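Thanks for making the time this morning. I would like to walk you through one chain, beginning with the overall picture and then moving to a few local details.

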Amino acid sequence: MRLGVTLGSMRRIVWRWFKRLALAAGGSIALGLAIFVVSGWTAFGQRASGERRARMERSAQWQGGAFENPQPLWNDVWGSMTGMLSASEHTSPSAPVPTEPVDPARFQTPPPSGLRVTWLGHSTTLIEIDGRRVLTDPVFSARASPLTWIGPERWYAPPLPLEKMPPVDAVVISHDHYDHLDQPTIAAIKDWKTAFVVPLGVAAHLEYWGVPAERIVELDWWERTKVGDLEIVCVPARHASGRTVIDMNATLWAGYALLGTKHHAYFSGDTGLFPGMAEIGEKLGPFDVTMIEVGQYHRAWPDWHIGPEQALIAHRMVRGKVFFPIHWGLFELAAHGWTEPMERALAAAEKSGAVIVSARPGRSVETAGTPAFDRWWPDEPWTPGERDPIVSTKMGGTAVGTP
Ligand SMILES: [Zn+2]
């Protein structure tokens, strides 16, 4: 009996402490979540409504309340979890990255060839094409994140700060992931007298952040717009979108073909390999330069990001002449060594005989002829493609050869 009383009171004490701890833990999580939601609120963006929403629902890509790829993305969930455990020890640079600060005066002289590319890291690129300037996926913040104090941090300051940017004719945005659509950047450039070209659904974010509606051109795949004599075609990509856990694929993702009076350029956006790339080449190629993503891949999610070897296959499928690898060298977003995307792209280009361009962030290159090769990154350990290939699914044998 006495033992029963002791056990009973002990149980009550333990239960009381358990409740207190649970309340404290729950309270901390709720508080953390509240801080996250409040501080990220503006950057999360906004859903489309009215006619914009109605247009999205009419799109062939719209299925069951969200956008979908013709070849849906396959994920190896277990592989994604265990993949992080075997991450490279060189996922980010251990020494300052050699960049080239841009002297804006260089843009006063048009490129003699008519086509010049200035890569600013990751997917941010200034393209001068036949007298027009296009800025792709401008990300100038310290982090690719909705929050200023947490999230992937950039490895170097923008080689060309926004305030020194020459006037651009169009800003094109591939999709709404944070490393491509940066709210503070958009807020900083919202008054630029430029066209903002975006895929379906992304206009709502831009309007919410202050870009005048009349400056935004929202396109579905294969739709096009004209900026002066430059034609911009929104082309399919195989990827996803979303800025929170509740807006997965609520907006469309895309690549772009820039059709100047003399030159054609292709910008892949984020993409896995997909059969429709051949159609892009047939309809809009050949391209004088292709800017295709090579980094932030993993074999457990091979349809989200194409990987270096398949980027060379894509280059051939869209009928590219000169290959300019992008989507690497600024943020740590995957488990591979930070120089690996470019090392593997180089090896694959050599194998296939493709012309590959390399220029440190901030250096401008004309892609005509054989541009000087700039091996600006340090030698670091990396895993060759044969040992860890990225193989997109559902290609149905349509890829044009191997890299
Ligand atoms: Zn993305």
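Predicted model: local features only at pLDDT ≥ 70, side-chain atom pairs only at ≥ 80, totals over all residues.

**From the whole chain to single residues**

Taken along the principal axes, the C-alpha atoms fill a box of roughly 95 × 50 × 45 Å. The radius of gyration of the chain is 23 Å, which agrees with the value near 22 Å that a compact globule of 403 residues would have. Of those 403 residues, 45% are buried, and if we take the contacts with a separation of 6 or more, 72% of them join residues 24 or more positions apart.

Let me turn to the sheet. Seven strands form an open sheet with mixed pairing, and their order is β8-β7-β6-β5-β4-β3-β16. The edge strands, each of which pairs on one side only, are β8, residues 216-219, and β16, residues 364-366. Direction ignored, neighbouring strands of this sheet are turned by 20° against each other on average. At one end of that order, β3, which covers residues 115-119, pairs with β16 in the antiparallel sense over three bridges, and there Val117 stands opposite Val365 of β16.

Elsewhere, β9, residues 224-227, and β10, residues 230-235, pair in the antiparallel sense over four bridges. These two strands form a hairpin with two residues between them, and Gly228 in the turn has a positive phi of about 60°. Val227 has Leu230 in β10 as its bridge partner.

Next, the interior. The largest nonpolar core has 95 residues, and Val172, Leu206 and Ala265 are among those with the most contacts inside it. Leaving out residues up to four places away in sequence, Ala265 touches Leu115, Ile127, Ile129, Leu258, Phe287, Asp288 and Val289.

Finally, a residue in a loop: is Asp179 buried or exposed? Asp179 lies in the loop between β6, residues 170-172, and α4, residues 183-189. The cut-off for a buried residue is 20 or more other C-beta atoms within 10 Å, and Asp179 counts as buried because it has 23 C-beta neighbours inside that distance. Apart from neighbours within four places in sequence, Asp179 is in contact with His122, Val139, Ala144, Phe331 and Leu333. Ser123 is 56 residues from Asp179 in sequence, while their C-alpha atoms are 8.1 Å apart in space.

Conventions:
Residues numbered from 1 in each chain as written. Pairing = 2+ DSSP bridges. Buried ≥ 20, exposed ≤ 12 C-beta atoms within 10 Å, placed from the backbone. Contact = placed C-beta atoms within 7 Å. Axes fitted to C-alpha atoms, helices over the stretch in contact; angles between N-to-C directions. Core = buried A, V, L, I, M, F, W, Y, C linked by C-beta atoms within 7 Å. Rg over C-alpha atoms; globule rule 2.2 N^0.38 Å.
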